[in-house]
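Welcome! Take a moment to turn the model around on your screen before you read on. This report will walk you through it one region at a time.

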Amino acid sequence: MTGASLEPGAVLGVLGGGQLGAMFAGAARRMGYPVVIWDPDPDAPALKLAELPLVASFTDKPAFEKFSTSINAATYEWENIPASMVQALEHRVPVRPAARILRIIQNRLEQKNFLASCNIPVAPFHAVTSSDQLAVPQSIGFPALCKTATLGYDGKGQWQLSDQEDVRRTQNELAGQAQHTWIVERFLPFEKELSVLVVRGANGDRRLYPVVENVHEGGILKTTRVPAAIDDKTAGQAAALAGATIDALNGVGVFCVELFLMNDGRLFVNEVAPRPHNSGHYTLDACTVSQFEQQVRAVCGLPLGDVKLTSPAAMVNLIGEDFTKATTDAGIQTFLRDAGATLHVYGKKSVRPGRKMGHVTFLADRREIAAERATSLISRLAG
């Protein structure tokens, strides 16, 4: 697919039916591309937007046959899908990003080893292949983090290690898990959490969105502010590092590179997501072309779009009961009167603690005003 592009009418497949898949489907349908969504959850919100919804396990062979023969190209909205299935799919249709990249990224040890081999700065790390071998080497030191090598996301599968007592406590907890590989890495006392969306086409064309600043609570993204409150030199270094990371992967598609900015100005890559990212939702309202339209363009081999930021913005995730409050409490709903406020609802049936149910984007003439409106909403949600 490096030569010809897919014309409107071609059918695009998406592995995963969450909110990212739904937003991709919305962009694809607007551009004239029907979408097939495959997800094991019958309540996955993206299924409602599919020309053909498939509800089955990702190991289901009849579902694989139906999916692969119904589409012209494929992508995914979640990295925790079987890479072997994606590789098999590649023998039928183009998949962007490729299974090779998925294998690297979905395993934290593989990812960190790859990045380190490419001289991409990452926190010192250590592999653990048995719970009784959990230790914090002197080269890493306390405080440290222990993470599952696979499947962890939004703060799940992580343990803080402040001393040897934490190590012993965590050893006991890991002993009862089916997981057999973990990574121990140095905790970096960062000044800011940053991220950069990188879009890369099959022809090597590359576009970078502005550097954004993120705040997490309990391991889950709470707010994103764009542009980040950093100087131009640091922004340029962050963008260059993010671009170099995706060039090293030789990836095609939309990627998010998460970065830690240290007090001394050093930057470290934390993790890479091979898909649109929660921290890039602002692009739906504040950029000429959203991350989801870019994903459609990259998958179809179309020219990549402009990444211009048309307005400073701040995004607030509505997580769990915060969503209920924001959409039913008349006193809180007043945020909708704010100039530039846009509410996005994901269409998930049940509200659960820690579950992303929607988000609000605030646009303003200045970054500080957008941030103030976001902070005001968070304060009201906190009661």
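What follows is a short tour of strands, a helix, a pocket and some individual residues.

Please keep in mind that this is a predicted model.

## A strand between two partners

Let us start with strand β8, which covers residues 182-186. Is this strand mostly enclosed or open? Four of its five residues are buried, so β8 is largely enclosed by the rest of the structure.

Two strands pair with β8 in the lines of this tour. Strand β5 (residues 125-128) runs antiparallel to β8, and four bridges join them. Within that pairing, A127 has I183 of β8 as its bridge partner. Strand β6 (residues 144-148) also pairs with β8 in the antiparallel sense, this time over five bridges. Here L145 stands opposite E185 in β8.

Staying with β6, we can look at T148, which lies in this strand. T148 has a relative accessibility of 6%, so it counts as buried. Where does the side chain of T148 reach? It comes to the backbone oxygen of T150, at 3.0 Å.

## A helix with a buried face

Next comes helix α3, which spans residues 83-90. Its buried residues include A83, M85, V86 and L89. Seen down the axis of α3, the buried residues fall within an arc of 160 degrees, so they line one face of the helix. What covers them?

Now for some empty space. Rolling a probe the size of a water molecule over the atoms shows where empty space is left. The second largest pocket holds about 250 Å³ of space. Its lining is made of 16 residues, and the closest to the pocket centre are Q19, A22, M23, L284 and H344. Two or more lining residues come from each of α1 (19-30), α8 (283-286), α9 (291-300) and β16 (341-345). Which element gives the most to this lining? That is α1, with five residues.

Helix α9 also holds a residue to look at on its own, E293. With a relative accessible area of 11%, E293 is buried, because buried means under 20%. Its side chain makes a polar contact with the side chain of R297, at 2.6 Å. Leaving out residues up to four places away in sequence, E293 touches A27, R30 and M31.

## A partly exposed proline

P53 counts as partly exposed because its relative accessibility is 39%. Which residues does P53 contact, leaving aside neighbours within four places in sequence? They are I37 and L47. As for separation, P53 and L302 are 249 residues apart in sequence, and their C-alpha atoms are 25 Å apart in space.

## Backbone details in the loops

| Residues | Feature | Angle |
|---|---|---|
| R96 and P97 | cis peptide bond | omega about -5 degrees |
| V226 and P227 | cis peptide bond | omega about -5 degrees |
| N119 | positive phi, not a glycine | phi about 60 degrees |
| N250 | positive phi, not a glycine | phi near 55 degrees |

Where do these residues sit? P97 lies in the loop between α3 and α4. P227 has its place in the loop between β12 (220-226) and α7 (232-249). N119 is in the loop between α5 (108-117) and β5, and N250 is in the loop between α7 and β13 (253-261).

Are the two asparagines buried or exposed? N119 is exposed, with a relative accessible area of 71%, whereas N250 is partly exposed, at 45%.

Conventions
Residues are numbered from 1 along each chain as its sequence is written. This is a predicted model: local features need pLDDT of at least 70, side-chain atom pairs count only at pLDDT 80 or more; totals for chains, interfaces and linings use all residues. Side-chain values use heavy atoms; hydrogens and water are left out. Buried means under 20% relative accessible area, exposed over 50%, partly exposed in between (1.4 Å probe, protein chains only). Two strands pair if DSSP finds at least two bridges between them. Contact means heavy atoms within 4.5 Å. The arc is that of the directions from the helix axis to the C-beta atoms. A polar contact is a pair of N or O atoms within 3.5 Å; within protein, one must be able to donate a hydrogen and the other to accept it, and residues adjacent in sequence count only if both atoms are side-chain atoms. On a 1 Å grid over the protein atoms alone, a cavity is a set of points where a 1.4 Å probe fits but cannot get out, and a pocket is an open set with protein on both sides within 12 Å along at least five of seven lines; lining residues have an atom within 4 Å of a point. Grid points are joined across faces, edges and corners, and a volume is the space filled by probe spheres set on the points.
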